[in-house]
Amino acid sequence: MRELFNELRSVAGFLGVCLYYPQTAAVEEAMPEGYTEARLAAIGGTLVALYQSGSTCFGPLHDTVLYENGSMLLMKKITDEAFVYVLAEAGTNIFLLRIALGLLSENLLEKSGASAKS
Amino acid sequence: MKTVLVVDNDKSTLHTISRQLQSYEDVSVLTAENGRDAVAILNDNEVDLIITDIQMPVMDGFSLLAHLSQHYPGIPAFIITAHGTPENISKSKKLGISHFFKKPLDMKHLTRKIIEQLDAGADGQIHCMSLPTFLQLVEMESKTCTLTITPHTQAEPGRLYFVEGELFAAETGNLENEEAAREIIGWEKASIFIANSCKKRVKQVSQPLMRILMENREGRESRTAEGARPEAEDSAAAPEPAGTCPPDAERIIEALNTDPGILQYGLYDDQDAQIPVAGTRSAPFGPVEPSRLFAPLHTPEHAQEKGVRYLLFFAKTGSQILAFEFGNIRAVIALQFGYPPRELIRKMNTLLAAPEPTNA
């Protein structure tokens, strides 16, 4: 996760990244202090639910973003079993962040597969 | 290889239909136990035909069919119903609707129809679900709902109000009730949005729905015979919507109408009914239920969060959709490609944080 964090931190406003596995509510994270695993799992669950309700209303989605309390959470589906989300400041350039996350998605896919096996 | 998606919360029905179809080597079967799972499957798979039950938990068949009308209008749908009387099904067939299959299922008949449809493919006669078919279904299932119908040929939507399957009221532009219902039912291609509530409690349409559907069919046949153009093509410029607008909505509308990055938007109340808005950018989004969009945030953990919350969706179609919730008002906004949402969010935060102007 630290490598992913290092790749993404070149985007101004980026704060942290988390892999979330909805079936087990497990997380792998490189987030700021104060974010417990339970809290990150709860955030992941909410974002997956938002992703699903968005898909129902607007069809297939690339990404979902929640802006709340001066920050943003960008979520991308990697596989049916793994989602990644990024915490950033609300004023972050969303397009740059999406591009950076998109470029890393293959890497994330490999890493989520690897952690699922371990 | 053709793919059939079967949607039913009854596992034995799923199993029976799947087993029957799997005996055909060029047919593959996918299954889902509710509409939401079906939407997820549609997102990731090419599907040639859908067979769906109506009464299901989580997301029912009506919402699934409305979603199909908006996002997958080319996929034919067969409907399984436990409530269609033989008379209703017979009347439906007179209207040219052969999509209904009553439980308990006659598997031999259903399988034959499925194979016929798959063989007909894109050149077949049954395409997706027509509006009359959908309305028949609402009547058969005694559904209470409000349908917002958006024709593909013009911007002005129409509304049909049903209480326990009876058409209570209708409106589109300056037309009301029977006149509006005839106009709306005459739209040959339309997207359907369903809200599972109905504000109208007084029946204002005296004619039975079936009669209006019959008249529409007869009128269409006679126009075809005369080589006349469909009515929808003759429609004049859409009039401004009628109705009242809540005070909070007015300043939101003013901001949205002047924002250069907005393609179109819809404002909705807490019942998911669209708030009437004058202006060319205001349009409904088909089967959008804003309350459903925000439902995951309506939990005790999120109750303490303050300020306006925004959701941004990047659809695979290229659409960029921003939604926000402010009090009882929800907005759904299609942004121009590449328009930075933070600009609009900043603008709306400033607007909505400020008290409503009273003496400025």
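This is a predicted model: local features need pLDDT of at least 70, side-chain atom pairs count only at pLDDT 80 or more; totals for chains, interfaces and linings use all residues.
Once neighbours within four places in sequence are set aside, B:Asp270 is in contact with B:Ser291 and B:Asn328. A separation of 7.5 Å is found between the C-alpha atoms of B:Asp270 and B:Arg330, which are 60 residues apart along the chain.

## Strand S14 and its partners

S11(B) and S14(B) run antiparallel and are joined by six bridges.

S14(B) also pairs with strand S13 (residues 320-326) of chain B, again in the antiparallel sense, over seven bridges. Here B:Arg330 is the bridge partner of B:Glu325. The two strands S13(B) and S14(B) form a hairpin with two residues between them, and B:Gly327 in the turn has a positive phi of about 60°.

Strand S14 (residues 329-335) of chain B is largely enclosed by the rest of the structure, because six of its seven residues are buried.

## Chain B as a whole

Chain B contains 12 helices and 14 strands. Of its 360 residues, 39% are buried. When contacts in chain B between residues at least 6 apart in sequence are considered, 66% join residues at least 24 apart.

## The contact between chains A and B

Chain B contributes 32 residues to the contact and chain A contributes 25 residues. On the side of chain B that touches chain A, at least two residues each come from helix H2 (35-44), helix H3 (61-71), H10, strand S12 (309-315) and helix H12 (341-353). S12(B) supplies the largest share of that side, seven residues. Classed by residue type, the side of chain B that touches chain A has 18 nonpolar, six polar and eight charged residues.

Strand pairing also links the two chains: strand S3 (residues 61-68) of chain A pairs with S12(B) in the antiparallel sense over six bridges. Within S12(B), B:Phe313 stands opposite A:Thr64.

How values were computed
Residues are numbered from 1 along each chain as its sequence is written. Chains are lettered from A and ligands numbered from 1 in the order in which they are written. Two residues are in contact if their C-beta atoms, placed from the backbone, lie within 7 Å. Helices (H or I, at least four residues) and strands (E, at least two) are DSSP runs, numbered from the N terminus. Ala, Val, Leu, Ile, Met, Phe, Trp, Tyr, Cys and Pro count as nonpolar, Asp, Glu, Lys and Arg as charged, and the others, Gly among them, as polar. Two strands pair if DSSP finds at least two bridges between them. A residue is buried if 20 or more other C-beta atoms lie within 10 Å of its own, exposed if 12 or fewer, and partly exposed in between; C-beta atoms are placed from the backbone.
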